[in-house]
Amino acid sequence: MSLAGRGYVGQVAWVDLSEGSVRAEPLNPLHASMVLGGKGLGALILYNSTRPGLDPLSPENPLIISTGPLTGTLAPSSCRFTIVTKSPHTGLFLDSNCGGFFGVELKKAGFDVLVVTGRAEALSTLIVEDGKVWVEETPDLKGMTTMDAEKALKKRLGEEFRVLTIGPAGEELTPIAGVFTDQRCAGRGGAGAVMGSKNLKAIAVRGSKSISVYDPEGFKKACWRARRRIRMHEVTARSLPTYGTVNILETVNETGALPTRNFKTGVFEEAWKLSGYEWRRSEWVKDKACFGCPIACSKLAPVDGKFLDGPDYETVWAFGPQCGVSDRKAILYANWLCDAYGVDTISTGVIVGYVMELYERGVLKADDLDGVEAKWGSGEALTRLVEKICKGEGVGRELRLGVRRLSVKYGLAEAALHVKGLEMPGYEPRAAKGMGLGYATSDRGACHLRAYTADKELLGYGGAVDPISTRGKARLVVDYQNEKALIDSTGICFFATFAFSFRELGDMLSRATGLPIEETEALRLIGERVYNLTRLFDIREGVTRKDDDLPGRLLNEPMPEGPAKGSKVELEEMLDEYYSIRGWSSDGVPERETIERLNLDKLVEDLPTR
């Protein structure tokens with residue numbers, strides 16, 4: 001069965017930069033029916049095309065760009081695509097989801113998925129246009145910022161092209177380098193370094209093909225119902241459009257869950273200065289939306305005469321409370337540096353917070369930091385350290401390696417805030433224990449979006465739960481991880497699903513693809529299959545129960561203040577229940593019955609056994 005005209009365009013492009021070869025293959029209908037697209041399809045290709053122990057920076061490690069069946073359709077917020085690869089930062093599975101317009105344009109150019117292996121002889125750009133794929137050497141782009149490289153390529157190729165690019169940090173194989181497009185970022189885990197290892201500065205796409213669906217009239221009605229839910233929901237109709245993702249910062253602070261000064265506490269005394277209201281009043285001048293999005297959560301602020309994206313909640317937190325900083329101008333500049341040089345803001349902010357604690361304790365002195373007095377709350381110290389990290393200058397060459405590697409040299413491992421090597425995001429697990437379990441069991445390392453239990457634990461969306469109780473958190477985390485794995489395989493933005501349910505999502509998917517997946521249980525099964533698939537990849541790379549862990553500070557040090565005062569994360573008891581619900585062994589390995597129930601044995605070879 002051909003998938004063309006069923007939400008898919010039905011083609012996968014395989015590019016080998018070493019050989020200079022390109023081949024197109026039909027998208028496998030069985031694979032699409034079982035994992036859809038996006039994260040799921042990318043994970044399946046990664047698993048089946050790599051071997052255990054593969055160096056993430058080797059030519060054989062694929063850089064996979066995967067769209068979903070709803071990407072580029074009438075479905076609301078259908079802008080998403082996913083970059084999947086093996087992470088050079090963690091050595092494990094990595095997927096990084098991104099919006100904007102690039103994924104839509106890739107489908108219009110004739111491909112659902114782009115798989116890139118090998119290494120070009122010179123710094124190059126991969127160009128995709130209406131079914132044609134070729135490589136051009138572009139050494140003149142070397143050292144350019146992400147913005148300048150995108151601008152240069154559009155001037156050369158045409159303004160209609162959508163461009164995915166890395167900055168100098170990616171060229172230099174920095175483990176925290178991201179990939180950027182349309183002022184959007186696939187930031188976490190080092191996908192930018194993988195792209196740089198292939199001598200690939202950019203990918204430019206342009207297409208004119210239509211994206212059609214199985215049942216156009218039924219699909220149109222299903223999309224209308226989903227959009228109606230978005231227009232009616234407080235978060236998607238008012239909070240996000242007005243104040244962006246920063247709308248939650250003060251609420252998270254009031255619940256005692258805003259990590260402050262490297263997770264020493266969950267309360268930041270100057271949080272009000274970083275509220276969505278203050279950003280809207282003083283800094284933001286424009287709203288920006290991705291393709292097909294009625295929410296427009298992104299905000300633009302002027303920096304050096306240019307309108308730049310953000311910052312969003314995670315960036316404001318990482319450069320703000322995490323470092324004790326309330327200077328909005330300093331945070332804006334730090335965000336600009338990361339976007340320009342192509343670096344993940346979350347990892348960068350956590351690194352700076354760790355350095356500030358090392359400085360406070362006397363482990364590091366100003367002389368060790370090229371003269372920077374890394375004091376809590378100093379906007380100058382923040383921007384100078386971020387600049388060194390982004391540019392790889394002086395001590396920045398060491399700092400950009402991440403807190404796990406730094407802790408090996410400097411100690412204080414309990415305050416190196418990471419899981420599996422990936423720096424932690426902006427929710428304090430001692431004040432939201434479902435988030436803690438979600439971080440510990442995330443397939444890519446610490447990630448707030450793998451199981452966003454903060455919606456119920458801290459924000460009260462869809463009914464509140466007790467944030468500092470462990471009761472029911474294992475079930476909640478499992479359900480949310482499965483749901484998010486599904487959403488990231490569809491091409492829909494996660495924010496849109498705050499408003500509509502699986503009923504609307506299933507209706508859109510079934511009418512777009514013709515697959516019998518309108519029922520909630522069928523959708524949940526796909527999400528569960530995808531999450532177990534990524535777990536199998538990590539198991540194959542050596543992950544065991546000991547890796548499903550949290551930093552010592554969160555397990556052993558009671559929260560000093562706020563609503564969660566005295567709380568620690570009781571991880572082990574939640575982990576036992578979590579494994580049981582998942583159908584995994586006590587060491588976290590999916591049982592044979594689970595693998596067979598999910599039909600994963602029909603999709604992958606070389607299943608790990610232990």
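What share of the contacts in the chain with a separation of 6 or more comes from residues 24 or more positions apart? Such residues account for 70% of these contacts. The structure is a predicted model. The chain contains 24 helices and 17 strands. Its radius of gyration is 22 Å, close to the 25 Å that the globule rule gives for 610 residues, so the chain is as compact as a globular protein of that length.

**Dimensions and surface**
- The C-alpha trace of the chain spans about 65 × 55 × 50 Å along its principal axes.
- Of the 610 residues in the chain, 64% are buried.

**Charged side chains**
- The chain carries 78 positive and 83 negative side chains.
- The centres of these two sets lie 3 Å apart.

**Nonpolar cores**
- In soluble globular proteins, nonpolar side chains tend to be buried together.
- In this chain, the largest nonpolar core has 153 residues.
- Tyr427 and Met508 are the residues with the most contacts inside that core.
- When neighbours within four places in sequence are left aside, Met508 is in contact with Leu70, Ala75, Pro76, Phe219, Ala222, Cys223, Ala226 and Phe500.

Key:
Residues numbered from 1 in each chain as written. Predicted model: local features only at pLDDT ≥ 70, side-chain atom pairs only at ≥ 80, totals over all residues. Heavy atoms only, no water. Helix = DSSP H or I, 4+ residues; strand = E, 2+ residues; numbered from the N terminus. Rg over C-alpha atoms; globule rule 2.2 N^0.38 Å. Buried < 20%, exposed > 50% of the residue type's maximum accessible area, 1.4 Å probe, protein only. Contact = heavy atoms within 4.5 Å. Lys, Arg positive; Asp, Glu negative; His and termini not counted. Charge placed at Lys NZ, Arg CZ, Asp CG, Glu CD. Core = buried A, V, L, I, M, F, W, Y, C linked by side-chain atoms within 4.5 Å.
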